[in-house]
Amino acid sequence: MAEKPKLRAGGAPVGRRAMLGMLGAGAAGIAAAPCLQRGWEGLLGAASQIDPSGLTGLLPNPGGFRYYSVVGSVPHKDETNCELTVGGLVESPKTYTLDALRAMPQTRVVHDVVCTDGWRVEKTPFEGVKLADILDDAGVRPPGAAIRFTCFDGAYSESVTLEQARRSDVLVALNMQDKPITHEHGGPVRLYVAPMYFYKSAKWLSGISVTDKVVPGYWEERGYAVDGWLDDADRHSDAA
């Protein structure tokens, strides 16, 4: 009868070392994943600002945001030159600096961010001033019925009805994921309309105007729905 092959000396410890090495590498990968994800998102965000073709928005970014700009480049704004104007059918036109917006009562909304392209970032926190508070500060006057938003990229625009604008989950957002909103994410100030697809949340917000009717925004002029409700949104609730 053939002799059974003998185990090589030290065979078992080598197996344990290999397994421990793989476990260690896996743990390191898990620990590094958030940093790598943030780094990749930052790279995509920077590249998108110099990509007039929009092809960077098609690059894979598992679990993260995609980046889109409708113009070739967008100027940067900060505390020294960022202003948000409020006008149109209001009693008192306003101009807010970043410091003025930060001094107003802040509201935090945690909701999934969903794009029409199919990607989703779950449970994303946004924080800022309720749009309703800004409208109340300016005083909406008849026949005001809708809000139009313009952006300092010079091209993007959006609209919501006055009823939609007064929801508590519609913000003039200053923070995202508990940090100031970066330029790549549409900062320093952007709109956040939690119950609607993300194209309604205009980036690089610079102007709010009360109008007598809804004016279709940039994407609505290109075939998107004027009411961009998410499928599971409560359209009649004011709850954030």
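1. Residues 24 or more positions apart account for 65% of the contacts in the protein with a separation of 6 or more; contact here means heavy atoms within 4.5 Å. Please keep in mind that this is a predicted model, where local features need pLDDT of at least 70, side-chain atom pairs count only at pLDDT 80 or more, and totals for chains, interfaces and linings use all residues. Residues are numbered from 1 along each chain as its sequence is written, and side-chain values use heavy atoms, with hydrogens and water left out.

2. Next, the overall layout. There are four helices and ten strands, in the order α-β-β-α-β-β-α-β-β-α-β-β-β-β along the sequence. Helices (H or I, at least four residues) and strands (E, at least two) are DSSP runs, numbered from the N terminus.

3. Now burial and surface. Of the 240 residues, 43% count as buried, a word that means under 20% relative accessible area, while exposed means over 50% and partly exposed is in between (1.4 Å probe, protein chains only). The accessible surface comes to about 12900 Å², and 57% of it belongs to carbon and sulfur atoms. These areas come from the Shrake-Rupley method with a 1.4 Å probe, and for residues only the protein chains shown count as cover.

4. Which residues have the most contacts inside the largest nonpolar core? They are Leu101, Leu131, Ile134, Ile147 and Ile208, in a core of 42 residues. A nonpolar core is a set of buried Ala, Val, Leu, Ile, Met, Phe, Trp, Tyr and Cys residues joined through side-chain atoms within 4.5 Å. Elements giving two or more residues to this core include helix H2 (98-103), helix H3 (131-138), strand E5 (146-151), strand E7 (170-176) and strand E10 (205-211). H3 gives the most, with four residues.

5. Not counting residues up to four places away in sequence, Ile134 touches Leu84, Val86, Tyr96, Leu101, Met104, Val129, Val172 and Ile208. Apart from this core lies another, of 15 residues, among them Val109, Cys115, Val121 and Phe198.

6. Leaving out residues up to four places away in sequence, Leu98 touches Asp78, Glu79, Cys82, Leu174, Pro188 and Val189.

7. Two peptide bonds deserve a check. The bond from Pro142 to Pro143 is cis, with omega near 0°, and Pro143 is found in the loop between H3 and E5. The bond from Gly187 to Pro188 is also cis, with omega near 10°; Pro188 has its place in the loop between strand E8 (179-180) and E9.

8. The loop between E7 and E8 holds Gln177 and Asp178. Gln177 has a positive phi of about 55° although it is not a glycine, and Asp178 has one of about 65°, again without being a glycine. Are these residues buried or exposed? Gln177 is partly exposed because its relative accessible area is 37%, whereas Asp178 is exposed because its value is 52%.

9. Ile181 sits in the loop between E8 and E9. Ile181 is buried, since its relative accessible area is 7%. Leaving aside neighbours within four places in sequence, Ile181 is in contact with Ala173, Leu174, Asn175, Met176, Gly186, Gly187, Pro188 and Arg190. Its C-alpha is separated by 9.6 Å from that of Glu127, 54 residues apart along the chain.

10. Last, the largest pocket. It holds about 530 Å³ of space. On a 1 Å grid over the protein atoms alone, a pocket is an open set of points where a 1.4 Å probe fits, with protein on both sides within 12 Å along at least five of seven lines; lining residues have an atom within 4 Å of a point. Grid points are joined across faces, edges and corners, and a volume is the space filled by probe spheres set on the points. Of the 25 lining residues, the closest to the centre of the largest pocket are Tyr67, Tyr68, Ser69, Lys203 and Trp219. The lining divides into 14 nonpolar, six polar and five charged residues; Ala, Val, Leu, Ile, Met, Phe, Trp, Tyr, Cys and Pro count as nonpolar, Asp, Glu, Lys and Arg as charged, and the others, Gly among them, as polar.
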